[in-house]
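Here is a friendly walk through one protein model, meant to be read with the structure open beside you. Take a look at it, then follow the notes below.

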Amino acid sequence: MVQWIMEYVTTVSYSLLINGGLTSRFQARKGLRQREPMSPYLLVLVMEYLNRTLKTLKDIPEFNFHPRCAKLNLNSTSTLDDLIMCCRADKISIQLLLDKLNHFSKVSGLMANLDKSSICVQEYLRDSKI
């Protein structure tokens, strides 16, 4: 299975149609492509790896979950094109969360688009009814 996936992502080549004629083929530099039938399935596999990586934070005593997520040991949730990561707003927890994201980027080659990313710090009030 791994061999098939690697074949799929490493053998991509393109040619361009310019003035009615095709250019010579050239190799793609990125493996996963949008609108390809296999891409959503590969994305699910990659996101599962990220999810499992983030779940290991619960085993690190210095990591603190966001107070509203602690009972569920929840530190992330994702959709097809969005990822929400959360933790208590202390320096160590944030750094541990970012370390896991950086590890994921290093092993997968996928990077967060910092132009489309944001950090939200929410003050948690214990007696709040919200």
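Phe26 is partly exposed, at 38% relative accessible area. For this term, buried means under 20% relative accessible area, exposed means over 50%, and partly exposed is in between (1.4 Å probe, protein chains only).

## The model and its fold

Please keep in mind that this is a predicted model, in which local features need pLDDT of at least 70, side-chain atom pairs count only at pLDDT 80 or more, and totals for chains, interfaces and linings use all residues. Residues are numbered from 1 along each chain as its sequence is written, and side-chain values use heavy atoms, with hydrogens and water left out.

The protein has three helices and six strands, in the order α-β-β-β-β-α-β-β-α from the N terminus. Helices (H or I, at least four residues) and strands (E, at least two) are DSSP runs, numbered from the N terminus. Of its 130 residues, 20% count as buried.

## Salt bridges

How many salt bridges are there? The count comes to three, taking a salt bridge as a side-chain nitrogen of Lys or Arg within 4 Å of a carboxyl oxygen of Asp or Glu. In one of them, Arg52 meets Glu48 at 2.8 Å, N to O. Both residues belong to helix 2, four residues apart, or about one turn of the helix. Arg52 is exposed at 56%, while Glu48 is partly exposed at 36%.

Lys58 and Asp59 form another, with their closest N and O atoms 3.8 Å apart. Asp59 is exposed, at 56% relative accessible area, and Lys58 is partly exposed at 47%. Arg88 also pairs with Asp90, at 3.1 Å from N to O. Here Arg88 is partly exposed at 39%, whereas Asp90 is buried at 17%.

## The second largest pocket

The second largest pocket holds about 160 Å³ of space. Its lining has 13 residues, and Leu43, Val44, Met47, Glu48 and Ser78 lie nearest the centre. On a 1 Å grid over the protein atoms alone, a pocket is an open set of points where a 1.4 Å probe fits, with protein on both sides within 12 Å along at least five of seven lines; lining residues have an atom within 4 Å of a point.

Which element gives the most to this lining? Helix 2 does, with seven residues. Helix 2 (39–55) and strand 5 (76–78) each supply at least two lining residues. By type, the lining divides into seven nonpolar, five polar and one charged residue.

## Two asparagines with positive phi

Most residues other than glycine have a negative phi. Asn19 has a positive phi, near 50 degrees. This residue lies in the loop between strand 2 (17–18) and strand 3 (21–22), and Asn19 is exposed at 82% relative accessibility.

Asn73 has a positive phi of about 50 degrees as well. Asn73 is found in the loop between helix 2 and strand 5, where it is partly exposed at 41%.

Technical notes:
Grid points are joined across faces, edges and corners, and a volume is the space filled by probe spheres set on the points. Ala, Val, Leu, Ile, Met, Phe, Trp, Tyr, Cys and Pro count as nonpolar, Asp, Glu, Lys and Arg as charged, and the others, Gly among them, as polar.
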